[in-house]
Amino acid sequence: MTDTAAQICKLLEPFNSNGTALSAKTDISADLNIDSVTVMDFVMEVEDHFDIEIPLNVLSETRTVEDLAKVVDSRVKKG
Amino acid sequence: MQSALKRSGRADVVSTATPTSNRSLAQNSAGFGSLAEGLDYAARGVTGFNFYSARGALETVLPYSELRRRAMATARRLLSLGLARGDRVAVVAETGPDFMAVFFGCQYAGLIPCPLPYTMYIGGKDSYIERVAGMLAAARVQIVIAGEDLTSHIMDAAARAGVNRVMSHAELQALPEAAAKLEPFGPSDDAYIQYSSGSTSNPKGVLISQSAIMANARAILREGLRTGPDDRAFSWLPLYHDMGLVGFCLSPALGQVSVDFLSTSAFARRPALWLKLMSDNKSTVTYSPSFGYDLAARRINGDAVTLDLSRLRVAGIGGDMVRPDVLEGFAATLAVAGFRQEAFLPSYGMAETTLAIAFVDPAKPIRIDAVDRLVLKSEGRAVPATGGNARRFVACGRPLSDSKVEIRSADGAVLGERSVGRIFVRTPSLMNGYFQNEDATAAVVGADGFLDTGDMGYWLDGEIVITGRAKDLILHNGRNIWPQDIEWAAEQLDALRAGDVAAFAVENELGEDEVVVLVQCRLQDMAAAEALRNEVSAVVHRSAGVECRVVMVPPKSLPFTSSGKLSRAAARQKFLSGDIAEITAATLAVTQDGPEASL
């Protein structure tokens, strides 16, 4: 797992109410049973942590921790 | 934990928002014939719209005068495309000046704008495209306009709907302005299409006329909110919903009220920012479904004491069942900021009546009616009660003075005080109909001109109390979710077939709707059943953006009507009574022995 993915897993842990084992392949909305409002709360944590903004259209194509890590890496570089 | 109110130190901040009051222009509360005439008038003053960034910085100031200028230029650009009067222009309703320019531009050009949603869910691309494609087809649109970042999603949707013109705002604004004289929509014309009812596969466009929006805006401003020249509104509501569009964009423009906007996604990320910006702006009027008050109160933490919400005169509630416990929690948390409980303003409405049907008197505190839960369910009567058997409802106010509401029994008799029935309304704010869909319109609007709202409720001293939905519709965080959408998505899984899934809402102890999905399971072992449960939960989440409780039930246990349609009401009843229950290792074995076994 990349360093970014590991950091995302750490940010995700407080939202992981059913104790699913988190990995790069974890499907953030589907595997964790978190609702759409709570997902946005997590997205905010990610944005604040990496100091980036993730547009909604990009979010709509993001499913797994791995996907999100790629989005974060590309945005941090652009920064 | 970082402060919920953290702000960015960026420099892209514009100087000052539009003033709250017009000094040299008398307030006119929607005494106009059309939206264009209303904006013409507002443009003579200094008030207008202001847009805040996701981190709370003022990004764009759009006085009504500037909005009118941009709208007229946009109208001429749209006309340069050769569009005919009455053609439909779909536009993604992002909270910002681009959407406003197109919406009002259509008014000046004689085109019908159709505000589209934007994608909000993580991993939600496919369901978004499908939803938008259905909407484009329902309104037979000629052109779709979206922000640069969404055009690829929108192009996919347009291709499915057979719409071949998609443009970004930048491309539209780069067009030459047609020299033609503008002929704005007048009092007897159509105004816009609002998408409302209907599942993803079969959405309906509510066609609203200029006279309907004028009648409703007039009632909202004069009877509902009772706005004066010192009012200032705040909204994070999506502009593709009636409450956001009519309540906090069109009505304020028609009443020359300044509005401060935070985008819906920014609110979802930082709910407390709503309260902070209202404090900064000395807001007097805002609106939200109950869940918004709940979120904001839970996120404000210790910062409540730093806020001043003493000017907030109207904290309106609409879009979901008004929850007394949530309002009490919000009022208790924000009392330290000067929030007054009397500010809460419950109301009732829907897109088919433009927006508002009933308002509580803004000068009065909310009225909670506690009734006997059992008598309500078994006899359909709302009998006052106390203690453990009581269910609390919030009265949603009196019908607007130009409207007539009837609560009718199943056989059509008009009911009186405290009898639960179906709510019907006749109003000058009624839609013209679902766009080019006479069957669907005839199904809800009777020959007597009354709309069947699909809601159940009772009268309490002249006020309407809503008790629930007559239809199968699931209400979740202010959103309507069609059970068909959930069922269809789950039935796409390999292990399932059409008719294997039933979705409905049950009320949990908190009075919230919990989505239950019953799945007929033909699998032979518990591990496989567990895997299927997770798959169903995942696919429902992706397609409908809602968490649900998946219950695996034996094959052939779901009830069907004589015409072969799934009966959700009967499935729900059987689930609640325990007649349909989760499979166990024991029931699996029975199922294996005899495939025809059922409970």
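Predicted model: local features only at pLDDT ≥ 70, side-chain atom pairs only at ≥ 80, totals over all residues.
Local features need pLDDT of at least 70, side-chain atom pairs count only at pLDDT 80 or more, and totals for chains, interfaces and linings use all residues. Residues are numbered from 1 along each chain as its sequence is written, while chains are lettered from A and ligands numbered from 1 in the order in which they are written.

**Where chain A meets chain B**

- 25 residues of chain A are in contact with 27 residues of chain B. Two residues are in contact if their C-beta atoms, placed from the backbone, lie within 7 Å.
- On the chain A side, helix 2 (36-50) and helix 3 (56-59) are the elements that give two or more residues. Helices (H or I, at least four residues) and strands (E, at least two) are DSSP runs, numbered from the N terminus.
- Helix 2 of chain A gives the most, with 8 residues.
- By class, the chain A side has 11 nonpolar, 6 polar and 8 charged residues. Ala, Val, Leu, Ile, Met, Phe, Trp, Tyr, Cys and Pro count as nonpolar; Asp, Glu, Lys and Arg count as charged; the others, Gly among them, count as polar.

**Two domains in chain B**

- Chain B is assigned domain 1 (35-269) and domain 2 (474-593). Such bounds come from an automatic or database domain assignment.
- The C-alpha centres of these two domains of chain B lie 37 Å apart.
- 6 residues of domain 1 of chain B are in contact with 6 residues of domain 2 of chain B.
- The domain 1 side of that contact has 1 nonpolar, 5 polar and no charged residues.

**Helix 3 of chain B**

- This helix (residues 97-109) has 13 residues. From first C-alpha to last, helix 3 of chain B reaches 18 Å, close to the 18 Å expected at 1.5 Å a residue. The expected span is 1.5 Å times one less than the number of residues.
- Of the 13 residues in helix 3 of chain B, 12 are buried. A residue is buried if 20 or more other C-beta atoms lie within 10 Å of its own, exposed if 12 or fewer, and partly exposed in between; C-beta atoms are placed from the backbone.
- The buried residues include F99(B), F103(B) and F104(B).
- Just after this helix, G110(B) takes a positive phi of about 75°.

**Positive phi without glycine**

- R226(B) is not a glycine, yet has a positive phi of about 50°. R226(B) lies in the loop between helix 7 (210-224) and strand 9 (232-235) of chain B.
- R226(B) is partly exposed, with 17 other C-beta atoms within 10 Å.
- Q436(B), also a residue other than glycine, has a positive phi near 45°. Q436(B) sits in the loop between strand 20 (433-434) and helix 14 (438-444) of chain B.
- Q436(B) counts as partly exposed because it has 13 C-beta neighbours inside 10 Å.
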